[in-house]
Amino acid sequence: MVPVAVLPAAAILMGIGYWIDPDGWGANSAIAALLIKSGAAIIDNMSVLFAIGVAYGMSKDKDGAAALTGFVGFLVVTTLCSPASYSMIMNVPLESVPAAFNKINNQFVGILVGVLSAELYNRYSGVELPKALSFFSGRRLVPILTSFLMIILAFILMYVWPVVYNGLVSFGESIKDMGSVGAGIYAFFNRLLIPVGLHHALNSVFWFDVAGINDIPNFLGGAKSIDAGLATVGITGRYQAGFFPIMMFGLPGAALAIYHCARPENKAKVAGIMIAGAFAAFFTGITEPLEFSFMFVAPVLYVIHAILTGISVYIAATMEWISGFGFSAGLVDMFLQTRNPLAVNWYMLIVQGLVFFGIYYVIFSFMIRKFNLLTPGREVSAGDETADGYNENISDAHSDDSEIQKEARQYIAAVGGSDNLVNIDACITRLRLGVKDSSVVNESLAKRLGASGVIRLNKQNVQVIVGTRAELVAKAMTEVLAKGPVAASVSAPVPTESKQAAPEKAKGNVILSLVAPVSGQVYSLDNVPDEAFSSRIVGDGIAIKPTSSEVLAPAAGTIVKIFPTNHAFCLETTNGIELIVHMGIDTVALNGEGCARLIEEGAEVEAGTPILKLDLPFLEANAKSMISPVIISNIDDFAGVEILAQGQVTAGETVIYNVLK
């Protein structure tokens, strides 16, 4: 969405320019020419914006180096695949170069380059080279690697792109030759592909100049497109017009149905969500807030939504009720395009929209009630007033708080408010908070918010176990405090028990066996000098005091998290088991010294794959303890663990325990 978010600027600039000079396209007004040309500068360079924006948007830390990587990659590919370069490299006359290479500068290639550039950045932006080459380490290395990869990609495209391009052209022309029916089919798949984000690749074929259709730029060209023979009145814009009735009216009708079908106790809360989503869809054409509210909880409704979108686009194209947009089909774009000479009977789209408002409301209401679909507000409460996820109860919440900031605001209230909070830090599973008085911490509220437990280390230090979201919550707490003070909640009594007994191991079928991530001496979690682990609040398992410096994956799966200080990582297996390997106790305080990562987040690993490298002498001299927990954080989803290991274990060989189902 990063490159797409640039489109409103083009739409507004060009739309205002048309209002000033609808016939001359800037020829009769210098101001109109300035605005229209400024907007065209964005539209004409959408391909490189996709390469830059996708690389930046898909990078793990949204760093500018990722954007530079996308730009460099796009320049290399489009230069090598230009007709002149193709002629020299392939040793063919220029006039014999396939026509596909005249269209190599397109959004499809931009997206491809952006995705590959982001992947390179995510994998190699943390690589350290030998000291002699250290200047080129990290982020500086990625554009260099990208340049070489794009050379390979360019050579592949020299053989593949003509086939891909001809396929896109054939697909586009076959849909185009179907007229209004084809427009409806396109619109159906446009909505259907939104959940996986592939609608942008499809849009490139119809909205931009990948296959010669170029609907958006030709429509925005107005009179000039007509004069140049690029656009036809009543035809150009047909891949856009039918979206206006859906986005401005249909989806708000669905929002009203969802509100009316919500449980009575949730209606007030659901109303706020639906009103905000409906307003965004009507005014700007941004539909994701509404669509994602029912897309996964009631997929049948989303398929119906896709079908209705196809029907709407088909009707508008058949009746030649035409309008277009530079960003999306909302009121802003409709208003700005009313004086565009290619906008034909655009006001009838409003009439069509009112009809679709009723259709959406009736169908959604019937389907939700008939099949008891769990759309927002229809969840069954589990007895806790916050269980449905809507009741935030934040009396001093700011209107610009994000969802995680609202949650963070309540955590601040739970620990005694901003007056009691001295310091905020986070480990991989817990908030590490410095407070003035730990006795005023409201543990019951923290648990209602989703915390597994609260540990009062002493009068000035508290740990709140929130799981692997700890880093995000801590960051949000800092952002909330920057907006102003937060009041404390009502305090709850301090629990008298300081430690829970180890739960009795349940019997069941073995679904996973874990091998030791390091060699060393096995310890029970009871002996870990950290209450979060010893009380099993974080999860169940064992601990190992390492004698080997390499930390291996204890099972096959995906590395979903490596803490920035590299002292711990989370691994998720294919059957949903979430493992945490935490090297030492309070090693986070060493700020990464003594620990180095060997792979990056998102990597697929096998059991025994090296993940971390430890400087054991340094860690043993500086860490509170090197007893290292190896635990299942979502153990409540399973029957328990069966401990097998005792005494000494060998990394990658000894089975330490089984997970039971």
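User: Which helix does Ser87 lie in?
Analyst: This is a predicted model. In it, Ser87 sits in helix 5, residues 83-90.
User: Is Ser87 buried or exposed?
Analyst: Buried. Its relative accessibility is 13%, and buried means under 20%.
User: What is Ser87 in contact with, leaving aside neighbours within four places in sequence?
Analyst: Val92, Pro93, Leu94 and Val97. Take Val97: it is 10 residues from Ser87 along the chain, and their C-alpha atoms are separated by 6.4 Å.
User: New topic. Which residues touch the most other members in the largest nonpolar core?
Analyst: Trp161, Phe206, Trp207 and Phe243. That core has 62 residues. Helix 7 gives the most, with 10 residues. Domain 1 (1-167) and domain 2 (214-377) each supply at least three.
User: And what is Phe206 in contact with, again leaving aside neighbours within four places?
Analyst: Its contacts include Phe171, Ile175, Tyr186 and Tyr239. Another core lies apart from the 62-residue one. That other core has 40 residues, among them Ala516 and Val605.
User: Now the surface. Which residues make the nonpolar patch?
Analyst: Met178, Val181, Ile185, Phe189, Leu192, Val303, Ile307, Ile311 and Tyr314. The patch covers about 700 Å². Helix 8 (180-192) and helix 14 (299-319) each give at least two of its residues.
User: Where does Met178 lie?
Analyst: In the loop between helix 7 (141-177) and helix 8.
User: Why does Met178 count as partly exposed?
Analyst: Because its relative accessibility is 38%. Partly exposed falls between the cut-offs for buried, under 20%, and exposed, over 50%.

Key:
Residues are numbered from 1 along each chain as its sequence is written. This is a predicted model: local features need pLDDT of at least 70, side-chain atom pairs count only at pLDDT 80 or more; totals for chains, interfaces and linings use all residues. Side-chain values use heavy atoms; hydrogens and water are left out. Patches are made of residues with over 30% relative accessible area and no salt bridge: like charges are joined within 9 Å, nonpolar side chains (Val, Leu, Ile, Met, Phe, Trp, Tyr) within 5 Å. Accessible areas come from the Shrake-Rupley method with a 1.4 Å probe; for residues, only the protein chains shown count as cover. A salt bridge is a side-chain nitrogen of Lys or Arg within 4 Å of a carboxyl oxygen of Asp or Glu. Helices (H or I, at least four residues) and strands (E, at least two) are DSSP runs, numbered from the N terminus. Buried means under 20% relative accessible area, exposed over 50%, partly exposed in between (1.4 Å probe, protein chains only). Contact means heavy atoms within 4.5 Å. A nonpolar core is a set of buried Ala, Val, Leu, Ile, Met, Phe, Trp, Tyr and Cys residues joined through side-chain atoms within 4.5 Å. Domain bounds come from an automatic or database domain assignment.
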